[in-house]
Amino acid sequence: MEEQLNINLPGVAVDVLSEEWQTEDVVQKTPVKLYKVSKRKGGFTLYMKTPYEDVEWYFSKGLTLFHRNGNTLRIEHEDGQYWVDLPAHPKLLEFLKEFIP
């Protein structure tokens with residue numbers, strides 16, 4: 001059964017395409033609002049609003065990197081192709097604790 005957390009957090013999402021990544025150019029650095037997180041067996045999904053569209057980013061247990069720097073939590077796909085920086089909100093940390101090493 002899927003669990004959900006409704007939340008309203010500002011963040012910055014970065015999506016890097018492989019060609020540009022090789023030349024160290026970030027393709028998209030977009031302000032987002034994280035409005036929902038859902039957990040499923042083996043992973044979770046971040047639901048975010050950008051200025052242009054709603055996006056869903058899927059992460060899997062074991063293929064996701066978490067970096068905490070002060071009050072910021074970075075959730076990054078293992079291959080470095082995309083990540084989102086969010087406030088390290090206690091509700092978000094508690095909800096994702098099974099995925100954070």
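Predicted model: local features only at pLDDT ≥ 70, side-chain atom pairs only at ≥ 80, totals over all residues.
A residue is termed buried when its relative accessible area is under 20%, exposed when that value is over 50%, and partly exposed in between.

The chain has a mean pLDDT of 88, and 86% of its residues reach 70 or more. Among its elements, the lowest mean pLDDT, 47, belongs to helix H1 (residues 18-22), while the highest, 97, belongs to helix H2 (residues 90-95).

Strand E3 spans residues 43-49, and six of its seven residues are buried, so the strand is largely enclosed by the rest of the structure. Its partner is strand E4 (residues 54-60); the two run antiparallel and are joined by seven bridges. Within this pairing, Thr45 has Tyr58 of E4 as its bridge partner. Four residues lie between E3 and E4, and the two strands form a hairpin.

Lys49 and Asp54 form a salt bridge, with an N to O distance of 3.3 Å. Lys49 is partly exposed, because its relative accessibility of 41% falls between the limits of 20% and 50%. Asp54, at 47%, likewise counts as partly exposed.

Across the whole structure, a search finds five salt bridges. One of them joins Glu98 to Lys39, whose closest N and O atoms are 3.0 Å apart. This pair links distant parts of the chain: Glu98 belongs to the segment after H2, whereas Lys39 lies in strand E2 (residues 28-40), and 59 residues separate them. What is the relative accessible area of Lys39, and is the residue buried or exposed? Lys39 has a relative accessible area of 10% and is therefore buried, the cut-off being under 20%.

Glu94 has a relative accessibility of 47% and counts as partly exposed. Lys97 has a relative accessible area of 52%, which is over 50%, and is therefore exposed.

Definitions and conventions:
Residues numbered from 1 in each chain as written. Heavy atoms only, no water. pLDDT = per-residue confidence, 0-100. Buried < 20%, exposed > 50% of the residue type's maximum accessible area, 1.4 Å probe, protein only. Pairing = 2+ DSSP bridges. Salt bridge = Lys/Arg side-chain N within 4 Å of Asp/Glu carboxyl O.
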